[in-house]
Structures are given as structure tokens and as C-alpha cells.
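Work through the exercises below with the coordinates open, and try each task before reading its solution.

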Amino acid sequence: MPTASPTSPSVLSPEVADALAAGRPVVALESTLLAHGLPRPENRAAADQVEDAVRAGGAVPATIAVLDGVPHVGLTAAEVDRVCADPELAKLGVRDLPVALALGHSGATTVSSTALLAARAGIGVFATGGLGGVHRHATDTFDESADLVALARTSLVVVCAGVKSILDVPATLERLESLSVTVVGWRTNRFPGFYVADSGSPVDWSVASAAEAARVFAARRGLVPGAVVVANPLPVDEQLDTELHDRVIAEALAAADAAGARGKDVTPFVLGHLHAASGGASLAVNVRLVLRNAELAGQIAAELAALPR
Ligand code: PSU
Ligand code: MN
């Protein structure tokens, strides 16, 4: 098994290492979504489905997590079991990686740290559910996800369904603009709202094909470091009922406030409350949008692999 190198601190699975060495398409997948964003035991089946969706799109999946101080890019079934089963697994953003690596801790990786480890391993495309962003009332709490600054300096394509609708979406779009993160809609000029097709905010640019998305990334890579966000909306007939959506999000945010959730616990708390309060409806929609993003990411990775480097 390939071990850590000066450019990548990670252990690559044999399948991922072979694909990268041969220039075949690879898509990175995050593990915080599994460990902290989806409930147990449903997260375990979702982990396999997301990997299958990447394959259906035409690429090799590389789920990323830190196990006993070692970043792993591409997990065995037993390693996915571990990520999905351990209720104590840490949530690791970029700032947490040095501690985990130096002291031998295990943890799930967020968008920020998955993007970093993926790019270091030479992976150009990453699929997730929704980005972290600016939380509502951030002017009081200063709660803005480290995902945003990470994407400003990490070169890869991130396919997502917008940012989680528990956030302040317009403020998050402003920050993405300030940070010069490239944002394109997938066949839409409306920025998606995660559980719902339209967040209420527009997006300036759209791409019509996976080949166009790959070309936008190739152009950015040749120009300046940083991410290209491809925002992929759910079809309207698959979105969460909007009345239910608005009601359960308000409840979940109030519950997080009442429970005094802070820092990295806010997002998992709110998502967990949402899944319970919606009777599982938000969970089904959440899994569905991740699968759609994974398949599209596979297609974009295939187009990217076909471009000259
Ligand atoms: N999107 C989802 N579910 C999740 C997350 C994103 O559909 O669980 C996770 C991602 O790992 C993202 C993190 O990076 O939430 C953001 O957490 P915070 O708001 O604490 O930065
Ligand atoms: Mn936060």
C-alpha cells in the first residue's frame, strides 16, 4: 500500500493509487457527512450508495478520514464501518488535522479538510451535500465555517447542492465572492437551497455540461489557486416540502440555541434535530442530493481526466 510522501501525508487505497497513477478519474468524498451529518445506522448504507454513485458517474470513489493519526484516501469496508459506527469520532477541520496527525487521533474530515487532503493526493473533484458557510446571526456569534476560507486556497471542483439551508445563504454567497471562490450553477441561474431547489438567491454563471465544468476548473487551475463550486439543485419534485422545511429549520435552530450548542457542534446538532423533527423526510432528501452530487462529480472527473494537463 502506498505510504505518505512529501506531497501527500496520506495513505492511498490500492484502487485510488492505481487510478491516480494512471490518470483515471477519482472523486473525493468526505466522512463528516457520514459520521456527524447522517444518523446511525442509516449512514452506513448511504456510504456505500455514495461510492456506487461516483462509479456510476465514471470515476473511482475516495472516501477520506483520519484513522489513528493517518489520513486515509480511499477506505476499506471495515474502515467505513468504523467511521459510521463510532459515536465518539472527532470532527476534523483543517485546523484540527495537525493535532490528529501528531497525536494519533482518529476523526471524520469536513469539507475543508477533505478538500485539502484530496488536493494534496492529486484528486481534482470532490462531492458533498452542502457546504458549510455563514450561520444566521453570525454578526453576533462570528460563526462562519472554515469551509469557505479552505475553498479559497484549495484547487479542486466541489459538487454540492448549495450551502445548508440552516445557514444565512445570501451572506455565505457574499463571503464566497469576497474570497474569490468560483461558483457556477449546474444548468441553473438560481443558487440551490440544499433541501430545496432554489435558495432564493441567484448565481451569476451556469454550466451546461460536465465538460464545461471541467474546462472552468482547468482554466482556474492555470490562473489562481482555489475551488470551483458546482451547485447542483435537486429537481423541484424531489425537494423537501417547503412548508415543512421552513418550520423544522426554525425549530432546529431554536433547539440549538436553547441547548447552548457552540462551535463545531452547531451543524451536527441542527442536522440531527432536523432529521428527527421531519420524521426522516429531510434525511431521505439529504441522502438523495448527495447521491446526485456524487454521480455528477464522477462525470466531471471523467471529463477532467480527458483534458490535457
Ligand atoms: N453537508 C451535509 N452534511 C454535513 C456537512 C455538510 O450535507 O454534515 C458537514 C460538512 O462536513 C461541512 C461541515 O464541512 O458540515 C461544516 O461544519 P461547520 O459548520 O462546523 O463548519
Ligand atoms: Mn461553525
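The exercises that follow go from the overall fold to charge pairs and then to backbone geometry.

This is a predicted model, in which local features need pLDDT of at least 70 and side-chain atom pairs count only at pLDDT 80 or more, while totals for chains, interfaces and linings use all residues. Residues are numbered from 1 along each chain as its sequence is written, chains are lettered from A and ligands numbered from 1 in the order in which they are written, and side-chain values use heavy atoms, with hydrogens and water left out.

**Exercise 1. Overall fold**

Task: Determine whether the radius of gyration of the protein chain agrees with that of a compact globule, and describe how the chain is packed.

Solution: Begin with the secondary structure, which comprises 13 helices and 11 strands, taken as DSSP runs (H or I of at least four residues for helices, E of at least two for strands) and numbered from the N terminus. Next apply the globule rule, 2.2 Å times the number of residues to the power 0.38, with the radius taken over C-alpha atoms. For 309 residues a compact globule would have a radius of gyration near 19 Å, and the protein chain has 18 Å, so the two agree. The C-alpha trace spans about 50 × 40 × 35 Å along its principal axes. Then turn to burial, where buried means under 20% relative accessible area, exposed over 50%, and partly exposed in between (1.4 Å probe, protein chains only); buried residues make up 55% of the 309. Finally, count contacts (heavy atoms within 4.5 Å): of those with a separation of 6 or more, 72% are between residues 24 or more positions apart.

**Exercise 2. Charge pairs across the sequence**

Solution: Start from the definition, a side-chain nitrogen of Lys or Arg within 4 Å of a carboxyl oxygen of Asp or Glu, which gives 11 salt bridges in the whole structure. In one of these, the closest N and O atoms of Glu15 and Arg55 are 2.8 Å apart. Glu15 lies in helix H1 (residues 14-21) and Arg55 in helix H3 (residues 42-57), so the pair ties together parts that are 40 residues apart in sequence. Both ends are partly exposed, Glu15 at 36% relative accessible area and Arg55 at 39%.

Continue with Arg44 and Asp81, whose closest N and O atoms are 2.5 Å apart. This pair links helix H3, which holds Arg44, with helix H4 (residues 77-85), which holds Asp81, across 37 residues. Asp81 is partly exposed, at 38% relative accessibility.

A further salt bridge joins Glu144 to Arg175 at 2.8 Å between the closest N and O atoms. Here Glu144 sits in the loop between helix H7 (138-141) and helix H8 (146-153), whereas Arg175 belongs to helix H9 (residues 169-178), 31 residues away.

**Exercise 3. Backbone geometry**

Task: Where are the cis peptide bond between Arg40 and Pro41 and the positive phi values of His137 and Arg187 placed?

Solution: Recall that most residues other than glycine have a negative phi, and most peptide bonds are trans. Between Arg40 and Pro41 the bond is cis, with omega about 0°, and Pro41 is in the loop between helix H2 (32-37) and H3. His137 has phi near 65° and lies in the loop between strand S7 (125-127) and H7, exposed at 61% relative accessible area. Arg187, with phi near 55°, is in the loop between strand S9 (182-186) and strand S10 (205-207) and is exposed at 58%.
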